[in-house]
Amino acid sequence: MATQVIRRTSSTTFTRTAFAFSKAVNEELIYQPYYKFADDAITLSASGTTGSVTLTTSAAFFTAGYVGARVRWFGIEIEITAYTNSTTVTGTVKGELRGTYDIDPLKTTDGNSEVEVTHVNHGFVTGTSVTLSGINAFAGLTKAHLNGTFTITVINDNVYKYTAGGSANASADGGGPNAHFSGNNLPTRNWDEPAFSTVRGYPGCVTFHEGRLWFGGSYSQPDSLWSSKIGEFFNFSVGEGLDNESIQVSVGSDDISSVLHLISNRHLQIFTATSEFYVPRISQSTITPGNITIARQTPYGCSSVLPLPFDGATVYLQATRSAIREFLYTDTEQAYSAPMLTLLADHLIDTPHDMNILFGTEDRPEQYLLVVNNDGTIACFHSARSERLAAWSLWETEHPSNTAKFDALVSMGNRMYISVLRGSSYYLERMAKSDLDLTLDCANSYTSGSATKTWTINAIYANRTVSVVSNNYYLGDYACNGSAQIVLDDEVTSITVGFNYDVTIETLPANVLLPSGNYSGRPKRIARVILALNSTLAVSVQGNRLIVRQVTDDFSLQPTAVTGKREFFLLGFNRDATVTITQTEPLPLRLLGMAMEVSI
């Protein structure tokens, strides 16, 4: 797919256009990357030097897809306007097909009429006729001796020779600063075409890094990188290779490392199908055409899911789609490692196809990595590296009334949006900004001027069973009819409707360390559990429910959420005693910590 540019034109509108490289004022040059895709033996010649010309290759090469693209003959651009056959097209020369030599490109030998011409990567073959012009007289040879149309003999890829109109009287270098070459039907191997086109494909990934726009991994050059000039995001001219000009390199590993993602983090990070790389900065300097190097780091390979910066590292889905890893730089080793984040939670990963990050909301500072599994669940990872905290949990949105699966997600600022398949329809849902705001999935809230039992709710709930909450009370589950109406048992003035989900937390088996040694695998009883709760209205420990209200409370008022420590007493011995905390009612639960008292 051709690269697209999305521009914001106002506070509410955007435009989308195809990416277009910048051009010279006279449009003779498009500042885009070029590459020689044709076999080196294939030559290109033009029937003229200006205007409309016929381009001919020495072997089959062109397709109809080249119409509208440009090729370069010794760096001079020709726009293809019509396709004839695989060896012949018509094009318009942007300028004039006349090449320029370096200063003093000619070399003579005393008493000899043969003149050597230094012409790097000329691409000519012996017997080619070349027209020379602008050459100054030297070594006893006049301009008339040196300029004109000559048949050349190739010495090597950078030097050829021709017979001048006279003999030199000295061995010397010369020709001056304005020596040129041209010629109708002058075939050469020194020609190339755009790196990006409908024929060769387009970049597969993009990022901004150190003031440059970077592209990576096209269809025809899967292991290549291209950058713009610094501060000129549409200019990819390599120019003279100055520090601010375009960088165009390949990864160059021992396999074809198809570049899938470019991430701007501590360094420019390169994720390929087979390995992970980065671009070091030499002595903290910026990346330039002269100092760029690409260092291979880890051998795991990355999937098509976009890696994301998270908690000081870059997290990515391994190519096998069976593990989440973090690409983490270690100062002591001056290198990256890729430890597995799912080492103890691989059962929560099921061929993920999307992931995103929420860095916090207005009310909550925690950051979360959300990974969408193929089975429609989300593996949620929380990390606070400075506090040495890391934990995984599994989110499901199944409901008895219908099949539901998480499909895709995206974060925008402090909001997370999730596409959810419910039955046969997709819904765009937004996560609540606080864990206490909503306790139902796919939730909507309604109010009425007076207390009522009958409520007309959103049509998405029609013919489904919904859960209803009102004023911190769980009213129960109700069947919604085809007209999207529910009838409650009690009259209320406001309700929140949605799909309930259960919360289950189970600890690892209790491990008791005694002076005589480790007391593991032997019968033990967890006698008491103390939960540290905050703003909680419903929780159970091993089936023992939290008592929120007493018989002396006024039940016309909302219940008061519990904040503080609560005790739960348990029975029964077990060799692998654990504590299971559940919540089946859609009411707030916030567990800060817990302590256990174990009897042996």
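Biologist: Why is E27 called partly exposed?

Modeller: E27 has a relative accessible area of 41%. Buried means under 20% relative accessible area, exposed means over 50%, and partly exposed is in between (1.4 Å probe, protein chains only). So 41% puts E27 in the partly exposed class. Keep in mind that this is a predicted model, where local features need pLDDT of at least 70, side-chain atom pairs count only at pLDDT 80 or more, and totals for chains, interfaces and linings use all residues. Residues are numbered from 1 along each chain as its sequence is written, and side-chain values use heavy atoms, with hydrogens and water left out.

Biologist: What makes K23 and E27 a salt bridge?

Modeller: Their side chains meet at 4.0 Å, N to O. A salt bridge is a side-chain nitrogen of Lys or Arg within 4 Å of a carboxyl oxygen of Asp or Glu, so the pair qualifies. K23 also has a relative accessible area of 41%, which makes K23 partly exposed.

Biologist: How many salt bridges does the structure hold?

Modeller: The count is 16. R70, E77, E79 and K94 are linked in a network of them.

Biologist: How do you know that K161 forms a salt bridge with E114?

Modeller: The closest N and O atoms of K161 and E114 are 3.4 Å apart, which passes the distance test above. K161 lies in strand β15 (residues 159-163) and E114 in strand β11 (residues 114-118), so the pair ties together parts that are 47 residues apart in sequence. Strands here are DSSP runs of E with at least two residues, helices are runs of H or I with at least four residues, and both are numbered from the N terminus. K161 sits at 25% relative accessibility and E114 at 34%, so K161 counts as partly exposed and so does E114.

Biologist: What ties R545 and E585 together?

Modeller: A salt bridge again, with their side chains meeting at 2.9 Å, N to O. R545 lies in strand β47 (residues 544-545) and E585 in the loop between β49 (580-583) and β50 (591-599), so the bridge joins parts that are 40 residues apart in sequence.

Biologist: What makes β35 and β36 a hairpin?

Modeller: There are 2 residues between β35 and β36, and G413 in the turn has a positive phi of about 65 degrees. Two strands pair if DSSP finds at least two bridges between them. β35 (residues 404-412) and β36 (residues 415-422) run antiparallel and have 8 bridges, so they count as paired. V410, for instance, has Y417 in β36 as its bridge partner.

Biologist: Which strands make up the open sheet of 3 strands?

Modeller: The order is β48-β45-β50, with antiparallel pairing.

Biologist: Why are β48 and β50 called edge strands?

Modeller: Each of β48 (562-569) and β50 pairs on one side only. Strand β45 (residues 525-536) pairs with β50 over 8 bridges in the antiparallel sense, and R525 stands opposite S599 in β50.
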